[in-house]
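Q: I would like to learn how to read helix packing and a ligand site from coordinates. Could we go through a case together?

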Amino acid sequence: MSSDRWQTPAHEALRARPGFDLAGLDHDATPGWEGDRDQGEERMAERGEDLLALQEKLYAHGRTGGTRAVLLVLQGLDTAGKGGIVRHVVGMVDPQGVALRSFGVPTPEEREHDYLWRIRNALPRPGYLGVFDRSHYEDVLVVRVEEIVPPDVWGARYDEINAFEAEVAAAGTAIVKVALMVSPAEQALRLRERLERPDKHWKYNPGDLDVRARRPAYEEAYQAVLDRTSTDVAPWHVVPADRKWYARLAVTELLAHTLEGLDLAWPPADFDVAAELARLDAQG
Ligand code: AMP
Ligand code: MG
């Protein structure tokens, strides 16, 4: 029996359409999925095998002159589970074909350039699965909330980002944007764990509590991102993240679906297969 218990496909159930209201999100929900956790984990393992094969095909495509790539953009507040997605979802494919980049506070060198400079430099080459742990969206999220640049500057960025992503998509890269959304209560639990466990202290930053205190402003900034940058070529998917198993299952499904949509074939041999087999046989 198939383990597929998606009642509504993930890319439909999670897509941020016009009028989507972040304030009404149930962070504990499992949109589109009608199974329990065990079933979700079973499905994720199964789709992980698909993902592995699909990503190998993408890599082979890139190695043989193809132009397609995939870019997973991960956004979310502290503790939303971005690192867990990288480890558990992206970790199911061959690291050779993954191009992972994390974006933190811009370095002095990065600050000398336009905010998209470091992003352009990190775009996946053909055949790669690119992963952005945070992204150019920080330039309309933290930058907006903390007033790092004036409103007219960040205000112009939504259209700039849409134009940029349209250009990236037109060049052959399928963009999968995921906003992981954790509830304030679950976030408090996860931050507490980071404080109570010495092996998690390295993940904690006292500034995380200042950001948490400004949650309403961050929600407003996220709402603006969803309103203004969920385009047809690069739609946003809002993933409730209180249940880690669900968030990981959902992103696995979004990636597998996207790779299937590329409809790639294994590259044909550029040599005479029968002749090579005959040579091998002759070698005994
Ligand atoms: P982490 O993901 O926990 O390593 O934290 C990275 C930090 O870098 C977060 O606090 C982000 O808000 C911050 N950050 C990322 N991009 C930018 C940016 N463009 N401007 C300012 N801060 C940023
Ligand atoms: Mg952090």
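A: Helices here are DSSP runs of H or I with at least four residues, numbered from the N terminus. This is a predicted model, where local features need pLDDT of at least 70, side-chain atom pairs count only at pLDDT 80 or more, and totals for chains, interfaces and linings use all residues. Residues are numbered from 1 along each chain as its sequence is written, ligands are numbered from 1 in the order in which they are written, and side-chain values use heavy atoms, leaving out hydrogens and water.

Q: At what angle do the axes of α7 and α10 cross?

A: Two packed helices are described by the angle between their axes and the distance between the axes. Here α7 (residues 151-170) and α10 (residues 215-229) cross at roughly 45°, their axes coming within 10 Å. The axes are lines fitted to C-alpha atoms over the stretch in contact, with angles from 0 to 180 degrees between N-to-C directions. The pair is therefore oblique, the class left after under 35 degrees (roughly parallel), over 145 (roughly antiparallel) and 65 to 115 (roughly perpendicular).

Q: How are α2 and α11 oriented to each other?

A: Helices α2 (residues 37-63) and α11 (residues 244-262) pack at about 30° with axes 9 Å apart, and are therefore roughly parallel. Their crossing is left-handed.

Q: Which residues of α7 meet α10?

A: Contact means heavy atoms within 4.5 Å. Gly 155, Tyr 158, Asp 159 and Asn 162 of α7 meet Ala 224, Val 225, Arg 228 and Thr 229 of α10.

Q: Which residues make polar contacts with ligand 1?

A: A polar contact is a pair of N or O atoms within 3.5 Å. Among them, a polar backbone atom of Gly 104 is 3.2 Å from a ligand nitrogen, and a backbone N or O atom of Val 105 is 3.2 Å from a ligand oxygen. In Glu 138, a side-chain N or O atom lies 3.2 Å from an oxygen of ligand 1.

Methods: Helix = DSSP H or I, 4+ residues; strand = E, 2+ residues; numbered from the N terminus. Polar contact = N/O pair within 3.5 Å; in protein donor to acceptor, adjacent residues only side chain to side chain. Left-handed = near helix turned anticlockwise from the far one by under 90°.
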